[in-house]
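Have the model open while you read.

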Amino acid sequence: MQDDKTEINQNENVLENLEAQDDIDALHAKIKELEDKYLRNHADFENIKKRLEREKAQSLEYAYENFAKELLPVIDSLEAGIVSVDGSCIEESMKDKFKEGLLLTLENFKKVLERYGITEIVAIGEFNPNVHNAVMQEDSPEHEDGQIVQILQKGYQYKERVLRPALVKVCKK
C-alpha cells in the first residue's frame, strides 16, 4: 500500500511537472509573439519616421513653389509691356527708354527667380509632354513632325517641378 501511495505521489508530481512545463511553453510562445509584435511595431515606427523626415525635407525644398506660381503672371505682364511699347503712340525717344527700363526690370526679376531655382522651360525642338502643353497643331514645311512651331506662352519650372507647362503649337504632318 505504501508503494501504491508513493507511486501515486510520483505520478502526481510528474503530472504537475508536465502541466508546469506546458505553462512554461505557453509563456515562452506568448513572449515570442509579443517580441515579434514589438519588432514589427518598431520597424513600422522607424519607417513612418523616415517618411515624415523625407516629406519635411521635400516641403522645405519646395517651399517657394506656390509663391513662384503667383509671380508668373507678373513676368507675362512685363513681357507683354515690352512688346506693346513698339505699337504705342508715345514718341520714339521715350519708347526706347521705356522699353529699356522694362527690359532691365524683367532681366533683374528673372535673375532673382533663377537664384531660387525658378527657370524658364526651353520650348525649342522636340515636343516633350512633361514640360510642354500642345494646344494647337499646324502643318509646317520648315519643321518635322512633333517639333515645336511656336511658343504661345512660356513655361516655367521650380527646380525639377513644372510650375506651368509651356503652351506650344506643334507641327503635325
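This is a predicted model: local features need pLDDT of at least 70, side-chain atom pairs count only at pLDDT 80 or more; totals for chains, interfaces and linings use all residues.

Glu 138 belongs to strand E2. Which residues does Glu 138 touch, once neighbours within four places in sequence are left aside? The contacts are Val 149, Lys 169, Val 170, Cys 171 and Lys 172. Take Lys 172: it is 34 residues away from Glu 138 in sequence, yet the two C-alpha atoms are 5.6 Å apart.

Now zoom out to the whole chain. The protein has 3 helices and 6 strands, and the order from the N terminus is α-α-α-β-β-β-β-β-β. So how does the radius of gyration look beside that of a compact globule of 173 residues? The globule would come in near 16 Å, but this chain has 37 Å. The C-alpha trace spans about 135 × 40 × 20 Å along its principal axes. Buried residues account for 20% of the 173, and the chain exposes about 13300 Å², with carbon and sulfur atoms supplying 54% of that area. Of the contacts between residues at least 6 apart in sequence, 64% join residues at least 24 apart. As for charge, there are 24 positive and 36 negative side chains, and the centres of the two sets lie 9 Å apart.

Next, the helices. Which H3 residues are buried? They are Lys 95, Leu 102, Leu 106 and Leu 113. The buried residues of H3 pack against helix H2 (65-86) and strand E1 (118-120). An α-helix has 3.6 residues a turn, so residues three or four places apart point the same way. Over in H2 you'll find Val 74, which counts as partly exposed because its relative accessibility is 38%. Val 74 and Leu 106 are 32 residues apart in sequence, with 9.4 Å between their C-alpha atoms. Just after H3, Gly 117 takes a positive phi of about 90 degrees.

Two loop residues are worth a look as well. Glu 126 sits in the loop between E1 and strand E2 (132-138), and its 49% relative accessibility is why it counts as partly exposed. Apart from neighbours within four places in sequence, Glu 126 is in contact with His 132, Asp 145, Gly 146, Gln 147 and Ile 148. Lys 159 lies in the loop between strand E4 (156-158) and strand E5 (161-164). Lys 159 is not a glycine, but it still has a positive phi of about 55 degrees. With 31% relative accessibility, Lys 159 also counts as partly exposed.

Here are the residue pairs side by side, with C-alpha to C-alpha distances.

| Pair | Apart in sequence | Apart in space |
|---|---|---|
| Glu 138 and Lys 172 | 34 residues | 5.6 Å |
| Val 74 and Leu 106 | 32 residues | 9.4 Å |
| Glu 126 and Asn 47 | 79 residues | 41 Å |

Note on methods:
Residues are numbered from 1 along each chain as its sequence is written. Side-chain values use heavy atoms; hydrogens and water are left out. Helices (H or I, at least four residues) and strands (E, at least two) are DSSP runs, numbered from the N terminus. The radius of gyration is taken over C-alpha atoms; the globule rule is 2.2 Å times the number of residues to the power 0.38. Buried means under 20% relative accessible area, exposed over 50%, partly exposed in between (1.4 Å probe, protein chains only). Contact means heavy atoms within 4.5 Å. Accessible areas come from the Shrake-Rupley method with a 1.4 Å probe; for residues, only the protein chains shown count as cover. Lys and Arg count as positive and Asp and Glu as negative; His and the chain ends are not counted. The place of a charge is taken as NZ of Lys, CZ of Arg, CG of Asp or CD of Glu.
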